[in-house]
Amino acid sequence: MFENSGQTDLSQLGEFGIIDLLTKDAKKVQASTKLGVGDDAAVIDSGDRYTLVSTDMLLEGVHFNLSYAPLKHLGYKAVVVNLSDIYAMNGTPRQITVSIGVSSKFSVEALEEIYAGIHLACNFYQVDLVGGDTTSSKAGLVISVTAIGTVEKDKVAFRAGAKENDLICVTGDLGGAYMGLQILEREYAVFKGAPTSQPDLEGMDYILERQLKPEAQRGLIQLFKEKELQPTSMIDVSDGLASELIHLAKASGLGATIYGDKIPVDHVTAQVAEEFSINPTVAALNGGEDYELLFTLPLDSYEKIKDIPEIRMIGHITEKGSGVYMADQAGNKITLEAQGWNAFKQD
Ligand code: ADP
Ligand code: MG
């Protein structure tokens, strides 16, 4: 049969190493391709504005477990995670396409349930479902969504663009989706051992919703318009604050320092983290799937944002080569590492 002589394990390169390797020879031949690989969405010049395109794929057994992810929520989440990437460019999502790979064990009703969630998200975020693809799958359910959006040319926010002394800001709170997942996994393990037991999910609504039915931060894009604020850089928090901050700093060619006590963590997240013997700050740094927005603003925006509760200032951008750190209250600096999601990590 075919020769497949390569011996390098995917895990040696990691997700980002593989993307770099596979895309480094991609040539741009279209003048309209403003930005290809490397940001939350590709940026395409469509004349008076930019078109934004982003794709994400969710796989059963990797990104979700059908034993505890309600199908309607799953459809909703598959859309939201893509819209989040459009908002991360300071854009407005307009259309989506949805592709599914589905095994024969699925019923028509189950697919309808997933699409009920997709339609709900389309309605809430005012985007149109305009196409997709349907295939059979031999290894679980696959949902891939592509989101298309637009942004005014002078409003686009890249990962690159942060300036020294810029304020580092984030929306909402972090670590909740990860702790929600820990609760679901724990209760699922209990259930597998004793199938008649009832899951103990009391008081967990907030973090379960963060995991199962997250929202994208369209309110921030609106707020930027109303307050006439222009982020110098932006990224969505899909892999954890540490990983995203490293992306921003690296893309901008600068360093960053954030303050541990400024990182917003919800009280239920903190309480559950402690139950699991996880430091809540570590859950926020490395947890992922929060779909909040991390961005930078010029220092002189301080007066405009200081009383806006949706925006938390957590640090500032530092000079080139200064590294990416978290400072604790005692003034100790901890080097941040991207310990977020690595799709090819070996357990
Ligand atoms: P995000 O977390 O914002 O969805 P990713 O980390 O998934 O972004 O991807 C980073 C960049 O790499 C994006 O520009 C994405 O389009 C690109 N990318 C990811 N996988 C591939 C691939 N297999 N081929 C080409 N580009 C890819
Ligand atoms: Mg992103």
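Pro214 is found in the loop between helix H5 (205–212) and helix H6 (218–226), where helices (H or I, at least four residues) and strands (E, at least two) are DSSP runs, numbered from the N terminus. At 4% relative accessibility, Pro214 counts as buried, a word that stands for under 20% relative accessible area, with exposed for over 50% and partly exposed for what lies in between (1.4 Å probe, protein chains only). Not counting residues up to four places away in sequence, Pro214 touches Tyr76, Lys77, Val80, Glu209 and Tyr291, contact being taken as heavy atoms within 4.5 Å. Between the C-alpha atoms of Pro214 and Gly323, which are 109 residues apart along the chain, the separation is 31 Å.

This is a predicted model, in which local features need pLDDT of at least 70 and side-chain atom pairs count only at pLDDT 80 or more, while totals for chains, interfaces and linings use all residues. Residues are numbered from 1 along each chain as its sequence is written, chains are lettered from A and ligands numbered from 1 in the order in which they are written, and side-chain values use heavy atoms, with hydrogens and water left out.

Lys213 lies in the loop between H5 and H6 as well, and its side chain is joined to that of Glu215 by a polar contact of 3.4 Å. Such a contact is a pair of N or O atoms within 3.5 Å; within protein, one must be able to donate a hydrogen and the other to accept it, and residues adjacent in sequence count only if both atoms are side-chain atoms. Leaving aside neighbours within four places in sequence, Lys213 is in contact with His73, Tyr76 and Leu208.

At the start of H8, a side-chain oxygen of Asp266 reaches to within 2.8 Å of the backbone nitrogen of Val268, and just after the helix Ser277 takes a positive phi of about 55°.

The metal site comes next. The magnesium ion (ligand 2) is coordinated by Asp40 (OD), Asp85 (OD) and Asp236 (OD), at 2.0 to 2.1 Å; donors here are N, O and S atoms within 2.8 Å of the metal (3.2 Å for Na, K and Ca), and water is not among the atoms, so sites may look incomplete. Asp40 lies in the loop between strand S1 (33–35) and strand S2 (42–45), and Asp236 in strand S8 (residues 233–236), so the pair ties together parts that are 196 residues apart in sequence. Both Asp40 and Asp236 are buried.

Ligand 1 is surrounded by residues that include Asp40 and Asp85, together with Phe16, Ile19, Thr23, Val37, Gly38, Asp39, Asp56, Arg159 and Ser238, a residue being counted if one of its heavy atoms lies within 4 Å. The largest share of this shell, 3 residues, comes from helix H1 (residues 10–23). Oxygen atoms of ligand 1 take part in several of the approaches: one is 2.8 Å from a polar backbone atom of Gly38, one is 3.1 Å from a polar backbone atom of Asp39, and a polar side-chain atom of Arg159 lies 3.2 Å from an oxygen atom of the ligand. Taken alone ligand 1 exposes 560 Å², of which the protein buries 63%, by the Shrake-Rupley method with a 1.4 Å probe.

Two of the residues around ligand 1, Phe16 and Arg159, are also in contact with His247, as is Ile235, when neighbours within four places in sequence are left aside. His247 has its place in helix H7 (residues 241–252) and, at 18% relative accessibility, counts as buried. His119, by contrast, is partly exposed, with a relative accessible area of 44%, and sits in helix H3 (residues 108–125).

Asn90, in the loop between helix H2 (71–87) and strand S4 (92–102), has a positive phi of about 70° although it is not a glycine, and is buried, with a relative accessible area of 8%. Gln126, in the loop between H3 and strand S5 (128–136), has a positive phi of about 55° and, at 59% relative accessibility, counts as exposed.
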